[in-house]
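Please look over the sequence and the structure below before reading on.

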Amino acid sequence: MSWASKGLCIVVFLTSLALVYAMGETNLNSFNNVKDSIEEIYEDRLVVNGMIYELAGFLHEKEVALAAQNYTFFTSENEKVNKQAFAIINAFKKTYLTDFEAFTLNHFETSFNELVTLEKEISFSKEQSIDTAAIATLLLELKALNSDLDKLSDIQLAEGKNKLAISKNATEAMETYRSLEKYFLIITAVLIFIIILLPSSKEKDEFVSE
């Protein structure tokens, strides 16, 4: 085997190693995309779903109290419920939000502030008659707030599906690159094998002279 052939083998071998290394790096990036996507699904979607569930529970408590005419709830428990709700809203705002999600959450927060203001304006004292029109307005506000929570919940579902699709695509890309790596290694091995078996020019001359 001539020096030129040996040099060609070395070049082919080093090129193959470079390609395998590059594909390995791509595989690593794809894996990191999957990992980041799964973490984001948990941190920014599943956790937020829990927040939405808690906020819906607070609204339900108010609705049940109004339906049962349990107005002592608003003089004893309601303030605590509102503080907890505001804490959850603030935590919600610190998570990753899409534009529509941020808009919906801001609308919910504004409406909740209006609800709290209205609650303070209504006298829930047993000594005074309850303003039925104000109670009806409260119920309408609660219905609107629940509608916002439904929208936020739908967003979590849509974004969760989107992140799962990203994970699936990244996984498929990893499988594709793995297959390409195998093909490159096989082709490289075949080329090197052929080059090694090829007779040198000196050997060819000797064969012809014979």
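What follows describes a predicted model, beginning with a helix and then turning to ring pairs.

**Helix α4**

Helix α4 covers residues 99-121, a run of 23 residues. From its first C-alpha to its last it reaches 33 Å, close to the 33 Å expected at 1.5 Å a residue. Which residues of α4 are buried? They are E101, T104, L105, F108, E109, S111, F112, L115, V116, L118 and E119.

**Aromatic pairs**

A pair of aromatic rings is described by the distance of the centres and the angle of the planes. The count for this model comes to five aromatic pairs. Two of them are set out here.

| Pair | Centre to centre | Angle between planes | Arrangement |
|---|---|---|---|
| F73 and F74 | 5.2 Å | 90 degrees | edge-to-face |
| F74 and F124 | 4.5 Å | 10 degrees | stacked |

The pair of F74 and F124 links distant parts of the chain, as the two residues are 50 residues apart. F74 lies in helix α2 (residues 72-76), while F124 lies in the loop between α4 and α5 (132-197).

Are F74 and F124 buried or exposed? The cut-off for buried is under 20% relative accessible area. F74 has 10% relative accessibility, so F74 counts as buried. F124 has 8% relative accessibility and therefore counts as buried too. F73, the partner of F74 in the edge-to-face pair, is also buried.

Ring pairs also join F73, F74 and F124 with Y71 into a cluster.

Methods
Residues are numbered from 1 along each chain as its sequence is written. This is a predicted model: local features need pLDDT of at least 70, side-chain atom pairs count only at pLDDT 80 or more; totals for chains, interfaces and linings use all residues. Side-chain values use heavy atoms; hydrogens and water are left out. Helices (H or I, at least four residues) and strands (E, at least two) are DSSP runs, numbered from the N terminus. The expected span of a helix is 1.5 Å times one less than its number of residues. Buried means under 20% relative accessible area, exposed over 50%, partly exposed in between (1.4 Å probe, protein chains only). Rings of Phe, Tyr and Trp (its six-membered ring) pair if their centres lie within 6.5 Å; planes under 30 degrees apart count as stacked, over 60 as edge-to-face and the rest as tilted.
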